[in-house]
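This report covers one protein chain. Please look over the sequence and the model before reading on.

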Amino acid sequence: MKRLLISLLAFLTLPNVVHSSHLYNQKELIVTSESTKESIELAKYLNDNGVVKYSAYWCPNCLNQSELFGKQAYKELNVVECARDGINSQTQLCIEKKIRGFPTWEINGKLILGVLSLKELSKLTGFKN
């Protein structure tokens with residue numbers, strides 16, 4: 001009975017192990033939430049106005065921040081990957097900008113550390129929808 005339970009448990013967890021991102025050497029954030037019309041408009045506005053998000057693919061707060069936008073809007077953002085082994089890494093730029101944590105937003109030349117709500121980003125950048 002004990003062997004059967006162990007086998008069953010192994011079988012049930014196997015798909016999760018097989019599909020884990022670390023096995024595929026995933027080196028980028030994968031955003032899964034859907035965007036709203038407003039989040040897409042905000043992302044385009046941020047990009048058009050020179051706002052930069054400094055990020056690391058392995059950072060849980062960066063993923064949380066990105067999920068607030070949703071996958072369609074996230075593609076519109078100007079995101080700089082700071083992790084050395086991340087896809088399209090720009091580690092040297094992150095060092096030069098003195099990025100100390102993630103996510104960090106650069107808005108009008110000012111660095112702001114932490115997850116910001118879409119409302120906070122709108123207020124900080126003058127976005128009106």
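## The largest pocket

The largest pocket is lined by Glu28, Leu29, Ser55, Tyr57, Tyr74, Leu77, Val79, Val80, Glu81, Ile87, Asn88 and Gln90. On a 1 Å grid over the protein atoms alone, a pocket is an open set of points where a 1.4 Å probe fits, with protein on both sides within 12 Å along at least five of seven lines; lining residues have an atom within 4 Å of a point. The space in this pocket is about 250 Å³. That volume is the space filled by probe spheres set on the points, with grid points joined across faces, edges and corners.

Strand 2 contributes the most to the lining, with 3 residues. By class, the lining holds 7 nonpolar, 3 polar and 2 charged residues. Here Ala, Val, Leu, Ile, Met, Phe, Trp, Tyr, Cys and Pro count as nonpolar, Asp, Glu, Lys and Arg as charged, and the others, Gly among them, as polar.

## Basis of the model

The model is predicted: local features need pLDDT of at least 70, side-chain atom pairs count only at pLDDT 80 or more, and totals for chains, interfaces and linings use all residues. Residues are numbered from 1 along each chain as its sequence is written, and side-chain values use heavy atoms, with hydrogens and water left out.

## Fold and surface

The chain has 6 helices and 4 strands. Their order along the sequence is α-α-β-α-α-β-α-β-β-α. Helices (H or I, at least four residues) and strands (E, at least two) are DSSP runs, numbered from the N terminus.

Of the 129 residues, 34% are buried. Buried means under 20% relative accessible area, exposed over 50%, and partly exposed in between (1.4 Å probe, protein chains only). The chain exposes about 8600 Å², with carbon and sulfur atoms supplying 56% of it. Areas come from the Shrake-Rupley method with a 1.4 Å probe; for residues, only the protein chains shown count as cover.

Take the contacts (heavy atoms within 4.5 Å) between residues at least 6 apart in sequence: 71% of them join residues at least 24 apart.

## Salt bridges

The count is 4 salt bridges. The rule asks for a side-chain nitrogen of Lys or Arg within 4 Å of a carboxyl oxygen of Asp or Glu. One of them pairs Lys27 with Asp85, the closest N and O atoms being 3.1 Å apart. Lys27 sits in the loop between helix 1 (2-18) and helix 2 (37-48), and Asp85 in the loop between strand 2 (79-81) and helix 5 (91-96), so the pair ties together parts 58 residues apart in sequence. Lys27 is partly exposed at 23%, and Asp85 is partly exposed at 40%.

Glu41 pairs with Lys37 at 3.9 Å. Both lie in helix 2, 4 residues apart, about one turn of the helix. Glu41 is partly exposed at 32%; Lys37 is exposed at 61%. Lys97 and Glu106 also form a salt bridge, at 3.0 Å from N to O. Lys97 is partly exposed at 31%, whereas Glu106 is buried at 12%.

## Backbone details

Which peptide bond is cis? The bond from Phe102 to Pro103, with omega near -10 degrees. Pro103 lies in the loop between helix 5 and strand 3 (104-107).

Lys98 is in the loop between helix 5 and strand 3. Its phi is near 60 degrees, a positive value in a residue other than glycine. Lys98 is exposed, at 54%. Asn108 has a positive phi near 50 degrees. Asn108 belongs to the loop between strand 3 and strand 4 (110-113) and is exposed at 72%.
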